[in-house]
Amino acid sequence: MSEKNLRVEKQILAVAILLGLLALLANHVAMASGAEEYVQDNCAGCHAVSKPDFDAMDITERARRKGPHLYYAGDKFRKEWLQTWLVAPDHIRPGGSFPPDHTVVTDEGDVIDEDTLAVHPSVPEAMAAGVAEWLMGLHMEDAPLLDAEYTPKKVSPMLGKMNFNKFKGCAACHRDEDDTGGLSGPELYTAWNRMQPEFIVSYIKNPAAWDPHSMMPNRHLNEPEIHKLVDYLKLIGENSHE
């Protein structure tokens with residue numbers, strides 16, 4: 001092959017690669033545009049995808065929410081989990097977005113009336129990847145996540161559970177097993193699989209920094225105490241996949 005022909009072939013190949021990249025970019029832009037429209041049409045009615053003006057609201061805003069805020073979804077979730085969950089959603093919050101609305105007082109104690117819980121609609125599989133990608137692009141300005149660090153360590157299952165249940169009292173609101181623990185907060189046996197560890201650390205440290213109307217109290221735990229809890233969530237999350 002002559003040098004001239006070789007040069008022409010290289011130019012053709014370069015053009016083909018460029019056209020392929022442009023096609024991928026165009027497809028990505030189209031998918032993102034379609035995903036944003038889908039979110040605005042189907043999700044924004046229940047979830048805040050931009051930060052609310054909390055200064056203009058009082059705490060009663062928390063009771064009016066239909067779903068958790070998503071304006072920091074990219075700081076919070078693991079993308080792979082989010083995409084899978086959108087296609088086949090299940091209850092993360094056993095008591096719903098605002099548990100008092102679904103709580104029935106009985107002689108045996110408070111129970112959740114599951115018939116009153118909203119069913120989260122599924123996102124078509126063809127759209128889920130784009131929606132997850134778009135949501136992962138949502139970040140809170142000056143997010144507290146910037147100050148969070150976490151290095152996993154091993155934890156004893158028995159001591160981890162004791163710390164979660166008795167020493168820190170997390171089980172009063174959260175479940176570390178499918179049928180064990182409280183109902184007023186989201187279950188935490190899948191927390192490691194669905195959330196970024198630095199977010200978990202940061203949220204435990206100061207819930208109100210992420211959500212001024214969060215129902216979760218600030219226990220003023222130090223970093224080692226928080227990390228022990230996250231180590232336990234990692235343990236039970238990984239065990240749930242076995």
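**Burial, aromatic pairs and nonpolar cores in a predicted chain**

Glu61 is buried, at a relative accessible area of 8% (buried means under 20% relative accessible area, exposed over 50%, and partly exposed in between, with a 1.4 Å probe and protein chains only). The model is a predicted one, in which local features need pLDDT of at least 70 and side-chain atom pairs count only at pLDDT 80 or more, while totals for chains, interfaces and linings use all residues. Residues are numbered from 1 along each chain as its sequence is written, and side-chain values use heavy atoms, with hydrogens and water left out.

Glu61 belongs to helix 2 (residues 61-64). Neighbours within four places in sequence aside, Glu61 is in contact with Phe54, His69 and His213, where contact means heavy atoms within 4.5 Å.

The chain contains 10 helices and 4 strands; helices (H or I, at least four residues) and strands (E, at least two) are DSSP runs, numbered from the N terminus. Along the sequence the elements follow the pattern α-α-α-α-β-β-α-α-β-β-α-α-α-α. Of the 242 residues of the chain, 40% count as buried. Among contacts in the chain with a separation of 6 or more, 66% are accounted for by residues 24 or more positions apart. The accessible surface of the chain comes to about 14,600 Å², and 56% of this surface belongs to carbon and sulfur atoms; accessible areas come from the Shrake-Rupley method with a 1.4 Å probe, and for residues only the protein chains shown count as cover.

Strand 1 (residues 103-106) pairs with strand 2 (residues 109-112) in the antiparallel sense over 4 bridges, pairing being assigned if DSSP finds at least two bridges between two strands. The two strands are joined by a hairpin through 2 residues. Val105 has Asp110 in strand 2 as its bridge partner.

The structure holds 9 aromatic pairs. Rings of Phe, Tyr and Trp (its six-membered ring) pair if their centres lie within 6.5 Å; planes under 30 degrees apart count as stacked, over 60 as edge-to-face and the rest as tilted. The pair of Phe77 and Trp81 is stacked, because the ring centres are 5.7 Å apart and the planes are at 15°. Both Phe77 and Trp81 are buried. The rings of Phe199 and Tyr203 have centres 5.5 Å apart and planes at 35°, so this pair is tilted. Phe199 and Tyr203 lie in helix 8 (residues 197-205), 4 residues apart, about one turn of the helix, and both are buried. Elsewhere, the charged end of Arg78 sits over the ring of Trp192, 5.0 Å from its centre (NZ of Lys or CZ of Arg within 6 Å of the ring centre and within 35 degrees of the ring normal).

A nonpolar core is a set of buried Ala, Val, Leu, Ile, Met, Phe, Trp, Tyr and Cys residues joined through side-chain atoms within 4.5 Å. The largest such core has 31 residues, of which Tyr72, Phe164, Phe199, Trp210, Val230 and Leu233 touch the most other members. Helix 7 (191-194), helix 8 and helix 10 (223-239) each supply at least two residues of this core, and helix 10 gives the most, with 7 residues. Apart from this core lies another, of 21 residues, among them Val39, Val49, Trp81 and Leu135. Residues up to four places away in sequence not counted, Trp210 touches Tyr71, Tyr72, Asp75, Met140, Ala143, Pro144, Leu145, Phe199, Ser202 and Tyr203.
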